[in-house]
Amino acid sequence: MENVSEAPFGQALVHVLQHFAGWTRQIESEYHRSETFRALCDDWWICVEARDRWRSSEGPVAAERRHEYGEWLAELEQEIEEWLKRPEPRTGST
C-alpha cells in the first residue's frame with residue numbers, strides 16, 4: 001500500500017480516546033508516559049486509516065486487504081484493552 005506514514009503527533013490519541021470511551025484518564029496517562037503504548041496507539045490509528053482506504057477500493061485485492069486490516073485492527077484493539085486493564089503499576093518508558 002502506498003503513502004502509509006506515521007500518524008501525526010496527537011492525532012492517534014484523539015481517535016483512540018474516541019474509540020475507547022470510558023478509558024480517557026488511563027489512555028492519556030499511558031500515552032504520555034509510555035513510548036510503547038504511544039506506538040501501539042499510533043499503529044492502531046495507521047491501521048484504521050489503511051482499512052478505511054481499502055474500504056473505498058474496488059481493486060482485485062481490496063476484499064483481502066480489508067479482511068487483513070480488520071484482523072490487525074482487532075488484534076491492536078485487544079492489545080490496547082489488555083494494556084489498560086493491567087492492574088499493576090507501570091514504571092519507566094516501556
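## Helices H3 and H4

In this predicted model, helices H3 and H4 are roughly antiparallel to each other, because the angle between them exceeds the 145 degrees set for that class. The angle at which H3 (residues 35-55) and H4 (residues 62-85) pack is about 155°, and their axes are 9 Å apart. The crossing of this pair is left-handed.

On the H3 side, the contact is made by Thr36, Phe37, Leu40, Cys41, Asp43, Trp44, Cys47, Val48, Ala50, Arg51, Trp54 and Arg55. The residues of H4 that they meet are Ala62, Arg65, Arg66, Tyr69, Trp72, Leu73, Leu76, Glu77, Glu79, Ile80, Trp83 and Leu84. Sorted by class, the contact of H3 with H4 has 16 nonpolar residues, one polar residue and seven charged residues.

## Overall make-up

The protein has four helices and zero strands. Read from the N terminus, the order of elements is α-α-α-α. The chain has 94 residues, of which 33% count as buried. Among contacts with a separation of 6 or more, 66% come from residues 24 or more positions apart.

## Cys41

Cys41 is a residue of helix H3 and takes part in the contact with H4. Is Cys41 buried or exposed? Its relative accessibility is 0%, so Cys41 counts as buried, the cut-off being under 20%.

Leaving aside residues up to four places away in sequence, Cys41 touches Ala12, Val16, Tyr31 and Ile80. Ala12 and Val16 are among the buried residues of H1, Tyr31 is one of the buried residues of H2, and Ile80 is among the H4 residues that meet H3. The C-alpha atom of Cys41 is also 9.0 Å from that of His15, although these two residues are 26 residues apart along the chain.

## Helix H1 and its buried face

Helix H1 covers residues 11-19, and its buried residues are Ala12, Leu13, Val16 and Leu17. Seen down the axis of H1, these residues fall within an arc of 130°, so they line one face of the helix.

## Packing of H1 on H2

H1 and H2 cross at roughly 155°, and their axes come within 10 Å. This pair is therefore roughly antiparallel as well. The crossing of H1 and H2 is right-handed, whereas that of H3 and H4 is left-handed.

Ala12, Leu13, Val16 and Leu17 are the H1 residues in this contact, and they meet Thr24, Ile27, Glu28, Tyr31 and His32 in H2. By class, the contact of H1 with H2 has six nonpolar residues, two polar residues and one charged residue.

## The two sides of H2

Which residues of H2 are buried? They are Ile27, Glu30 and Tyr31. Viewed down the axis of H2, they lie within an arc of 100°, so they line one face of the helix. Cover for the buried residues of H2 includes H1, H3 and H4.

The face of H2 turned away from this buried side carries Arg25 and His32, both exposed. His32 is also among the H2 residues that meet H1.

Notes. Residues numbered from 1 in each chain as written. Predicted model: local features only at pLDDT ≥ 70, side-chain atom pairs only at ≥ 80, totals over all residues. Heavy atoms only, no water. Axes fitted to C-alpha atoms, helices over the stretch in contact; angles between N-to-C directions. Parallel < 35°, antiparallel > 145°, perpendicular 65-115°, else oblique. Left-handed = near helix turned anticlockwise from the far one by under 90°. Contact = heavy atoms within 4.5 Å. Nonpolar A, V, L, I, M, F, W, Y, C, P; charged D, E, K, R; others polar. Buried < 20%, exposed > 50% of the residue type's maximum accessible area, 1.4 Å probe, protein only. Arc of directions from axis to C-beta.
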